Amino acid sequence: MHNNMGWFHSLTMNALAIAALAMGISPGMNGSQGVQIAAAQAPEGSDHIKPLPPPGIDVPPADRAELERGLAGLDGAIKELAANKDPHIQALLPDVQIFQLAVKSALENNEFFDAADIAKAKELLQMGLARADQLQKGEAPWTKATGLVVRSYISKIDGSVQPYGLVVPVSCRPESAHKFRLDVWLHGRNEKLSEVNFLDERSKKPGDFTPPDTIVLHPYGRYCNAFKFAGEVDVLEAIDAVKQQYRVDDDRIAIRGFSMGGAGCWHLAVHYADRWVAAAPGAGFAETEQYLKMSDDAVAALPDWQRKLFFWYDCPPYAANLYQCPTIAYNGEDDPQKQAADVMEKALQDEGIALRRVIGPHTKHAYEPEAKKIVAAAVDSLAEIGRERTPTEIHFVTYTLRYNRMDWLQIDGLAEHWAQASVDAVISTTEEGDSLLTLETKNVTDLTLSFPPGWAPLDIAKPVKLEIDDDKLDAPQAFSDHSWQC
């Protein structure tokens, strides 16, 4: 189910109409609502649109009755917990609600795709009831569990309860002060990835990579939108949720994924390059026109707003940002989705950067075992060093204030939105020993430069000079706590 993603791009091109209004903070939607929108956006005269997710099976009356009884029991337990004002119970209630909401959604939206899914739902209801009972007693053993753990958070987008899966290393103990590396793994396309199937899989399968002493986060990503739109926000919010519950090293967070997850990895790497110690996209897709083999006439026929919004969706225009993010790309030698790395390699070459690629010989859409070891070793090596938090050189490109920050540099104004804006910044020292920040900008009207306490690489006893394009300016001096803002 991971090949031939053309349908996804076609759907996305229509969805950009909605995205133009939402600016990336789209409300969550289940699969059935997504189909309704896709159908409404279908080209005039089209006689068929593939429903996503596909229609489910008929649930036998006896199974439906059992599921409804289980839902009623879990709903009652959740209401009882919700009435308890204990902040500890309130904070952990979503970890119970995910089971009820997953089964309820599948039952109401016809998202049981085979008989095994019904069995999974029954098991999830039992897990939810067990957690509810534990929480009623003031206990929450899953918060201290190692291995496979499913949890959730409340999304700021729409107030919905969103699930995520974890692989927690055995070394992760509540009494330990150690901060753990966090690897974010983005799943591949699966048309039948209901919340029921996601929770079941995350309860039973650790995934492709489980480095030692590393917490692995599996976001749900709002079904299958390549971790763009609301899926992008889901990844960021899931990371924040994990950081609230576990000790995470901010300087050792890696973004990884394969197939559709590889596409999501490219997207999050180029748009949030300063957040990751490493990016390791596998296969996937990185842009629209070449991937869909669009003709010049087809591109010319697009509405102007839609063509502009390709600068939100496509990754190559942001390739320069990977100067800040160590990246290693993988694909099988015989995988059509090697096209993603081909395109990004060319875009990076145009910026003077050579993309590190690992190619699995004689391999289609999968990790070749030896190549997989090379990728794992590269990410492990980068994680051991850690992220460079205050680089003295930044190369930043954006087309929208939706993505406006890179390390200590923030763009606050653009002369023209959806046109390329860039800042090249270097910190150095003048002959007199003053700190000097040299910036070359394009299409930028307003900037903020800032370092939090302890992180300013500036001499606190010396003046700070700015050179922005053709202007030479005096800047505020760094404070005694080694913070600075201009």
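**Close-up views of a predicted model**

**View 1. The whole chain and its surface.** The chain exposes about 21300 Å², of which carbon and sulfur atoms supply 51% (areas by the Shrake-Rupley method with a 1.4 Å probe; for residues, only the protein chains shown count as cover). This is a predicted model, where local features need pLDDT of at least 70 and side-chain atom pairs count only at pLDDT 80 or more, while totals for chains, interfaces and linings use all residues. Residues are numbered from 1 along each chain as its sequence is written, and side-chain values use heavy atoms, leaving out hydrogens and water.

You will find 13 helices and 17 strands in the chain (DSSP runs numbered from the N terminus: H or I of at least four residues for helices, E of at least two for strands). The chain's radius of gyration is 24 Å, close to the 23 Å from the globule rule for 486 residues, so the chain is as compact as a globular protein of that length (taken over C-alpha atoms; the rule is 2.2 Å times the number of residues to the power 0.38). Along the principal axes, the C-alpha atoms fill a box of roughly 80 × 60 × 45 Å.

View 2. Of the 486 residues in the chain, 53% are buried (under 20% relative accessible area; exposed is over 50%, partly exposed in between, with a 1.4 Å probe and protein chains only). Among contacts between residues at least 6 apart in sequence, 72% join residues at least 24 apart (a contact means heavy atoms within 4.5 Å). The side chains include 46 positive and 69 negative ones, and the centres of these two sets lie 6 Å apart (Lys and Arg are positive, Asp and Glu negative, with His and the chain ends not counted; each charge is placed at NZ of Lys, CZ of Arg, CG of Asp or CD of Glu).

**View 3. Cysteines without a bridge.** The structure holds zero disulfides (pairs of cysteine sulfur atoms within 2.5 Å). Take Cys-325: the closest cysteine sulfur, in Cys-265, is 7.8 Å from its own, too far for a bond. Cys-325 is buried at 2% relative accessible area, and Cys-172 is buried too, at 11%.

**View 4. Phe-451 in strand β14.** Phe-451 belongs to strand β14, residues 444-451, and is buried at 4% relative accessibility. Beyond four places in sequence, Phe-451 touches Thr-390, Trp-408, Ile-427, Ala-456, Pro-457, Ser-483 and Trp-484. For a sense of scale, Pro-61 is 390 residues away from Phe-451 in sequence and 62 Å away in space, C-alpha to C-alpha.

View 5. Thr-441 sits in strand β13 and is partly exposed, at 21% relative accessible area. Its contacts beyond four places in sequence are Ser-422, Val-423, Leu-447, Ile-468 and Asp-469. Thr-441 and Asp-469 are 28 residues apart along the chain, with 6.5 Å between their C-alpha atoms. Asn-443 lies in the loop between β13 (435-442) and β14; its phi is positive, about 60 degrees, although it is not a glycine. Asn-443 counts as buried at 19% relative accessibility.

**View 6. Backbone details in two other loops.** Arg-222, in the loop between β4 (214-219) and α8 (230-245), has a positive phi of about 60 degrees without being a glycine. Arg-222 is buried, at 7% relative accessibility. Leu-52 and Pro-53 are joined by a cis peptide bond with omega of about -5 degrees, and Pro-53 falls in the loop between α2 (31-40) and α3 (61-83).
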